[in-house]
Amino acid sequence: MRLSELSGKEIVDMKKAERLGLLGQTDLEIDEETGEIKALLISTGKWFSLKRQNYETRVPWSHIEKIGTDMIMVDINTIHGQKHPTEK
């Protein structure tokens, strides 16, 4: 499958039926030696008072359950949000 075929698909948590993001608005973690995609990095931003806090959820490629025509179904039961690396 080509990356262009994945772009624009919605990423959905299959357990909660919750939309996590859109592939194309996420980052990819790629193995530099093999060129394989290791994980999807889904960024979520939240506003608290005047400061924006960025978090990302790392979804390992092995947690992708199904890639359909419109969406990518993932199982994130054991994955937790992590503080974005640019935040202190």
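Residues are numbered from 1 along each chain as its sequence is written. In this predicted model, local features need pLDDT of at least 70 and side-chain atom pairs count only at pLDDT 80 or more, while totals for chains, interfaces and linings use all residues, and side-chain values use heavy atoms, with hydrogens and water left out.

Colleague: Which pattern does the protein follow, read along the sequence?

Modeller: The elements are DSSP runs numbered from the N terminus: helices (H or I) have at least four residues and strands (E) at least two. The protein has 1 helix and 8 strands. Read along the sequence, the pattern is α-β-β-β-β-β-β-β-β.

Colleague: What percentage of the residues in the protein is buried?

Modeller: Buried means under 20% relative accessible area, exposed means over 50%, and partly exposed lies in between, with a 1.4 Å probe and protein chains only. The accessible surface, computed by the Shrake-Rupley method with a 1.4 Å probe, comes to about 6400 Å², of which 48% belongs to carbon and sulfur atoms. Of the 88 residues, the buried share is 30%.

Colleague: In which sense do β6 and β7 pair?

Modeller: Strands of a sheet pair through backbone hydrogen bonds, either parallel or antiparallel. β1 (residues 10-13) pairs with β7 in the parallel sense over 4 bridges. Over 3 bridges, the sense of the β6 and β7 pair is antiparallel.

Colleague: Which residue of β7 stands opposite Lys66?

Modeller: Ile72 in β7 has Ile67 opposite, and Ile11 also stands opposite Ile72. Val74 is the bridge partner of Asp13. For Lys66, the residue opposite is Met73.

Colleague: Which residues form the covered face of β7?

Modeller: The uncovered face of β7 holds Met71 and Met73. With contact meaning heavy atoms within 4.5 Å, Ile72 touches residues including Leu6, Ile11, Leu23 and Ile64, not counting residues up to four places away in sequence. The covered face is formed by Ile72 and Val74.

Colleague: How many residues does the largest nonpolar core have?

Modeller: A nonpolar core is a set of buried Ala, Val, Leu, Ile, Met, Phe, Trp, Tyr and Cys residues joined through side-chain atoms within 4.5 Å. Among the members of the largest one are Leu40, Ile42, Ile72 and Val74. At least two residues come from each of β4 (37-48) and β7 (71-74). The core has 11 residues.

Colleague: What is the N to O distance in the salt bridge of Arg19 and Glu10?

Modeller: A salt bridge is a side-chain nitrogen of Lys or Arg within 4 Å of a carboxyl oxygen of Asp or Glu, and the structure holds 3 of them. Arg19 is partly exposed because its relative accessibility is 48%, and Glu10 is partly exposed at 30%. Their N to O distance is 2.7 Å.

Colleague: Which residues do salt bridges with shared partners join into one network?

Modeller: The side chain of Glu29 meets Lys38 at 3.7 Å, N to O, and Arg58 at 2.9 Å, N to O. Glu29 lies in β3 (residues 27-30) and Arg58 in β5 (residues 51-60), so this pair ties together parts that are 29 residues apart in sequence. The network consists of Glu29, Lys38 and Arg58.

Methods. Pairing = 2+ DSSP bridges.
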